[in-house]
Number of protein chains: 2
Amino acid sequence: MTTTMHDGLDLDQVPELAAQLRVDSIRASTSAGSGHPTSSLSAADLLAALMSRHLRYDWDEPAAPGNDHLIFSKGHASPLLYSVYKAAGVVSDQELMEGYRRFDQRLEGHPTPVLPWVDVATGSLGQGLPDAVGVALAGKRLEKAPYRVWVLTGDSELAEGSMWEAFSTASHYGLTNLVTIVDVNRLGQRGETELGWDLDAYAARVEAFGAEAVIIDGHDVGAIDEALSRADDERERPLVILARTLKGKGIPGIEDEPGWHGKPLPQDRAEEAIAALGGERSLQVRGPKPPRIDRPAPHRGTVELPRFETGEEVATRKAYGPALSALADVDERVVALDGEVSNSTGVADFVEAHPDRFFEMFIAEQQMVAATTGLAARGYLAYASTFAAFLTRAADFIRMAPISRADLRLVGSHAGVEIGADGPSQMGLEDLAMIAATQGSTVLYPSDATSTAALVVEMADLHGVSYLRTTRGGYPVLYGPEETFPVGGSKTLRSSEDDAVTLIGAGVTLHEALAAAEALAEDGVRARVIDAYSIKPLDAEGIRAAVGETDGRVVVAEDHHAEGGLGAAVLAALAAEPITDLHLKHLAVDGVPGSGTTEELLAWAGIDADHIASAARATLEG
Amino acid sequence: MTTTMHDGLDLDQVPELAAQLRVDSIRASTSAGSGHPTSSLSAADLLAALMSRHLRYDWDEPAAPGNDHLIFSKGHASPLLYSVYKAAGVVSDQELMEGYRRFDQRLEGHPTPVLPWVDVATGSLGQGLPDAVGVALAGKRLEKAPYRVWVLTGDSELAEGSMWEAFSTASHYGLTNLVTIVDVNRLGQRGETELGWDLDAYAARVEAFGAEAVIIDGHDVGAIDEALSRADDERERPLVILARTLKGKGIPGIEDEPGWHGKPLPQDRAEEAIAALGGERSLQVRGPKPPRIDRPAPHRGTVELPRFETGEEVATRKAYGPALSALADVDERVVALDGEVSNSTGVADFVEAHPDRFFEMFIAEQQMVAATTGLAARGYLAYASTFAAFLTRAADFIRMAPISRADLRLVGSHAGVEIGADGPSQMGLEDLAMIAATQGSTVLYPSDATSTAALVVEMADLHGVSYLRTTRGGYPVLYGPEETFPVGGSKTLRSSEDDAVTLIGAGVTLHEALAAAEALAEDGVRARVIDAYSIKPLDAEGIRAAVGETDGRVVVAEDHHAEGGLGAAVLAALAAEPITDLHLKHLAVDGVPGSGTTEELLAWAGIDADHIASAARATLEG
C-alpha cells in the first residue's frame, strides 16, 4: 500500500520518510551482499528533508532545464540515493532489491549517469563537488537558469585538495546556486577522520574559502529544514551546511560504532534494525516542481577556420585559440577553460573574442577538468587547456569522465623535450599514455597549424575524452586550407613506388622524419613519410599497407616515453593481424632530460632527423 | 673582488645581499635568454635574510644530517635559488652565467636534485610544499633531528588543492619544523591571481588549516627577519609567512607590471636594471652552521617472510602488509603511508606492528605520494598504498618522482574489473599505463601471495618508481616459499615440448590462463602458461623464446585497458627483434564496466578462461 504525496511533506512527516530511506538502504545493501548502509543512514534525515521540501525536480522529466541537480559526491551512499529514487517513484522496490550492484543493472555500486537522474559519476571521493561547480557555473553564467545544485559530501573526502579547489572556485565565481551538505559522521573507512566532529574547524575552513557555513545537528529535521531554506535567500556566497551526524544512525549497536564501513548488515541484523526503525514503509513523495524554462536547441553554422600559408612557421598551440574562437562564433555551446596559462596554450585569442564563455580556473587543473565534466553534463562543448605535463594533475578526473559519460575536450601544449630550456618538469612525456589508456578516448597530435585548426573542429563532434597535443615551437605549415583531417586518418607526405622504408611521426617528429627522408634520398634510399596525426584511433589500415609496401621496414619516432604513445599504437595496429615480417625501430625518449635547445634535446633523446635516418638504414640492414 | 662573510650578515647588510641576488637573477636569465627574473626579484629580500641569518646549513657538506632544508616550491624562481648558491660560494659566477638552462648543465630551468643542495625537483607548482611535508615528517617523527624545512611558494600555486592537503597534513602531524614563506607578488602568468594581494584571505585560510600566519611586507628586511626568527620559538603550529611583494621589485618600469612573467630582460633593459640596482656585487655569505648530529648507517638483517601454503586461497593484497612488516622488522628505514584505506590495501598488519613508522595520509593521495617523495629524499624506504584507481590522483607527483631522483614504492590494490560489485569508479584500469610511462619505473603484478611477499622485498632495493599491483579476491597460492622472483623475470607454470600456443597472464588473468590451459588440454591442445609478474622490465628474452617455440602463437590477457599494460609490454618485447611470424591475440578490458560478480565481469570483459581458450584456438586457425 503506497502513500503518495506529490506536494511534498509537512515537516513532521519528514522523519517517516527518513525512516523509510534508512530501511530501504539497509534492505538494498543486505540483499546485494555489499554496499555502504551505515554511510547512507547518517545522511537519511538530510535527504528526506531535501527531497520532500526543497529539491525542485520534475521526476517525470529528468532533462527539464529548470530541474535542480542532486549530486552525491559521497557516491558510496548509493543505497540512500537509490532509496530516494524509490521514494520519488522512479525506481521500483523490486529494482532496488534485485538490481542493486547486480550485473547488467543500472543501480551500480556507485551512481553513474546510466541513471537519468545522475549528472556525473562519483565514487572517487573529492570529485562530485568539483564537478558540481561546473554544473553550477553553467547555470549561473551560461544558462542563466534558476536551478540549484545540491551536493552531498562526506567528511573524509574534505581531505582531498580538490574539494578546496572547488570551494575556492565556487566563491570566486559567486556560485550562490551551489549548496554543499557535508555529512560529518566522523568515521572514515578505517577509523576517525582527520578532524572528527570538529565542525568549527570545518566551518572556519569553508568560510575562509569564501562560503557561508551553517552548522546543524544532521538528525534534527527542523534545523535541517531551516538550513536548507537558506538556499532560497538572496545570497552573496555559496552555502555549506555542516551537519553533525551519526554513522549508522538508527541501528542499535551499530550507530556510531567503528568497523561498519562498507559492510552490509547480515540478514538477522538487518531484520532487527528494520524492526527498530519501525519496519518497511511505502511512502511516495515528490517535492516542489521546478520552474518551466526553455532551452534553445543546439545549432551550428558554417565554421570559417583561420587560414595559414604553406611553409609559414606557426606553432600548433598558436592555431588552437583562433580555431576555437572561429568554432565558437557559429556554435553557442562552445566554451573554454584554462589553468592560468592562456597566453601559453594559445586560448588567449578565444578569451579576447568570447570573454563570457571563458572560465579561468587558475592553477587548479583538477577543478578545471571537473568543471569541464560539469559543463559537459549540461550539454556544453567545453575545451580545457594547460601544459600537457600538467594535465596529469587531473588524471583521476580524466579516468572518471567515461564513467560519467562526459565528453571532455582537452588540449595539452608544450609537449615533449621539444620545449627546451624550461626542463623536464614542464615536458609532457606521459600524456599520450594517460589519455590513450582512458576508455573510449581520442588522441590527436597534429604537426602543423592547418591540421590543428581542423582537428579542433573535429573534436566538437567526438564523444568521450578527446585530446589535442600541441607543440611549443613554430614549424612549417604543411597543408593547404582545403585538406581534411578525419579522426582515424593519416597523411602520406612522401611516397613512391620504390619506397624502402616507412617513417612515421607526429608533431615535431614528423618534421624530423621529413628531414630524415631528405637525407636518405641523398643516399638513394626512398622513404615514405606518414603524418600520424590521429594516434587513437590510428589509421591502422593505412599504416599496415604502408609497412607492407616497404617490406615490413618502419621507423616510428615520438617525443614521448616509449610506453603508451605513438609507437605502442603502431605496434598494436600491426599486431591486430598476423605479422609475417617486421623490422621496426621505435625511437622515443628514455632518460630524464635536462635543459637545452630543442635541437640539442631532440638529438639527446635520439628522435631527430639524424637518428631517424640511422634507424631507417638499420632496418634495411636487418 | 669577493667579500666573504662566513658568520652571516648584520641586518643592515642584508639589502646589499638582496641587491646582489637581484642583479645575478637578471644576469643569469638574460644570459640564458629565458627564465623568470621577475618572479625571482619579488623574493630576493626574503631569501637574502633567510640564507644569511636563519638557514642553518653547512654548504661544504650538503648531506649533513643537521642541515636545514630549503625547497623552492616556486621552482621557476631558479635564478634566485642559483644566485643564492653563488652567494654561498658553491656555484661560480661563470657557471651561473654560462650554465643556466644550458644543455648538459646542472643549473636547469627548474631545480632538480642533480644539484646536491636540492632535495626534490620542483616546477610543477603545488608540489614543493607537499614534498616538504614529507621531509619535515622525517625530521620530526623519524630522525628526530632539529632541522627546519623552509619552503618558498608563490601565491598562484595556492590555487592547487595539493597545497591545502599539505597545510592540513602539516598541522595534523604538528610539523612545527616546517616554515612556509609565501611570496605574494599578486601577478600570475597571465594577470592577477585569484586573491591578488588579499593577504588577510590567505591568512584566514592557512590559520583555518591549522598553521600560524604572519603577514609582512616582503621587502622590509626588519619585518622579514623578525618573522623568520619565529621559527626558533617554541611552536605549536607550523609557521606560514605571508609576504606582500612586488613582482620584478627593483626594476624601474617592470616592477609590479603585468606582461613580464617568464621573460628575461633584453640586454639593454638588463643593463639599465643592474645599474638601477647599484651594479654587480661579489658578496659571499654563509649563515649559521647546523648542529652536528649523527645518523646511523643503514643496515638490513635477514628477512623472514610470511609463508603461505600452496593451494591456499589468499588475496595478494593481504600478503602485502605482513611482508612489509617482516621487512621493517630487519630494516629501520622501512616506513609506510596509506590513503585512509589501510584495512583494504592490506597495510593494516604493518600499522599494528610498526605504528611509529606508519603515516595515515587520509584521503589525500597527492600528499601521500608527495610525502613519500620527501621521505625518500631523507633516505627512507617509503611504501605508499591505496586503491590502484586512486593512485591516478597523484599522477603528476608520480611523473615528477624520476626528476626528483626519488625512489617511490607504490602499492595499488583492487585492480581491474575483478573487484566486482563496487563498480568502475573503484577499478584501476589505467594504472599500469600510468606507471609504465613513468621514466625508469618498475611495474610488478604478482598472482599469488608468495610472489607478492617476495616482490615487496625486491622493491626495497629498486631505484625510481616501483609499483606493486594487487588483487581484491583470494586466489590459490601457486609457489612454494623457496621460489625467487627477480625483477625482470617470469615463471613458466605449464610447458611441454609440443606446446601449440603460449598464454601470458598476470594477477587474476594468470589464474584464468591456467584454467584455459586445462580446458585446451581436454581438447588435446597443449598450452604454455607464463606468469608475467614483472611487466616492466618484462622478461623479454623468456617471452620471445616461448612465443618462438609455439610458432608465434600467443594470447595475452590482462585486467586493464588495452593500452599501456601487459599486452603492450609483450608487443614491445617481441618487436625489439625482427618478427617473422606472429599470431597474437590481446585480450583486455574495453568498455565501461558496471557492477557484478568477478566471474560476470571477467566474462563481460572477455578476459576469463573461456575467452582465453577461444583466443588460443583462434591463433591455431590463423
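**Entry: the interface**

A note to myself before anything else: this is a predicted model. I began with how the two chains meet. On chain B, 96 residues are in contact with 96 residues of chain A. Chain B and chain A bury about 7700 Å² between them, and 52% of that is on carbon and sulfur atoms.

**Entry: helix against helix**

Next I checked α21 in both chains. Helix α21 of chain A (residues 566-575) packs with helix α21 of chain B (residues 566-575) at an angle of about 85°, and their axes are 10 Å apart. Angles of 65 to 115 degrees count as roughly perpendicular, so that is how α21(A) and α21(B) stand to each other. Which residues make the contact? I found A:L571, A:A572 and A:A575 on α21(A), and B:L571, B:A572 and B:A575 on α21(B). Sorting the residues of this contact gave me six nonpolar, no polar and no charged.

**Entry: salt bridges**

Side chains of opposite charge can pair when their charged atoms come close. How many salt bridges are there between chain B and chain A? I got twelve. I looked up B:R190 and A:E340, whose side chains meet in a salt bridge at 3.3 Å, N to O. Over all chains the count comes to 82.

I also noted a pair inside chain A: the side chains of A:R292 and A:E61 meet in a salt bridge at 3.9 Å, N to O. This one links distant parts of the chain, with the two residues 231 apart. A:R292 is in the loop between β7 (283-285) and β8 (313-315) of chain A, and A:E61 is in the loop between α3 (44-53) and β2 (69-72) of chain A.

**Entry: a five-stranded sheet in chain A**

I traced an open sheet of five strands, in the order β16-β18-β17-β20-β21, and its pairing is mixed. Which strands are at the edges? They are β16 (491-494) and β21 (583-589) of chain A, each pairing on one side only. From one strand to the next the twist averages 25°.

Within this sheet I looked at β17 (residues 501-505) and β20 (residues 553-561) of chain A, which pair in the parallel sense over three bridges. A:I504 has A:V556 as its bridge partner in β20(A). Helix α23 (residues 609-621) of chain A packs on the sheet and touches β17, β20 and β21 of chain A, its direction making about 145° with that of β20(A).

**Entry: a seven-stranded sheet in chain B**

Over in chain B I followed seven strands in an open sheet, ordered β10-β9-β11-β12-β14-β13-β19, again with mixed pairing. β10 (358-360) and β19 (534-536) of chain B stand at the edges with a single partner strand each, so one side of each is left without a neighbour in the sheet. Neighbouring strands are turned by 20° against each other on average, direction ignored. I picked out β12 (residues 408-413) and β14 (residues 465-469) of chain B, which pair in the parallel sense over five bridges. B:L410 stands opposite B:Y467 in β14(B).

Most residues other than glycine have a negative phi, and most peptide bonds are trans. I wrote down some exceptions. A cis peptide bond joins A:K536 and A:P537, with omega about 0°; A:P537 lies in the loop between β19 (534-536) and α20 (540-549) of chain A. In chain B, B:K536 and B:P537 are joined by a cis peptide bond too. Lastly, A:H414 has a positive phi, near 60°, and lies in the loop between β12 (408-413) and α17 (431-436) of chain A.

Technical notes. Residues numbered from 1 in each chain as written. Chains lettered and ligands numbered in written order. Predicted model: local features only at pLDDT ≥ 70, side-chain atom pairs only at ≥ 80, totals over all residues. Heavy atoms only, no water. Axes fitted to C-alpha atoms, helices over the stretch in contact; angles between N-to-C directions. Helix = DSSP H or I, 4+ residues; strand = E, 2+ residues; numbered from the N terminus. Parallel < 35°, antiparallel > 145°, perpendicular 65-115°, else oblique. Contact = heavy atoms within 4.5 Å. Nonpolar A, V, L, I, M, F, W, Y, C, P; charged D, E, K, R; others polar. Pairing = 2+ DSSP bridges. Buried area = accessible area lost by both parts, 1.4 Å probe. Salt bridge = Lys/Arg side-chain N within 4 Å of Asp/Glu carboxyl O.
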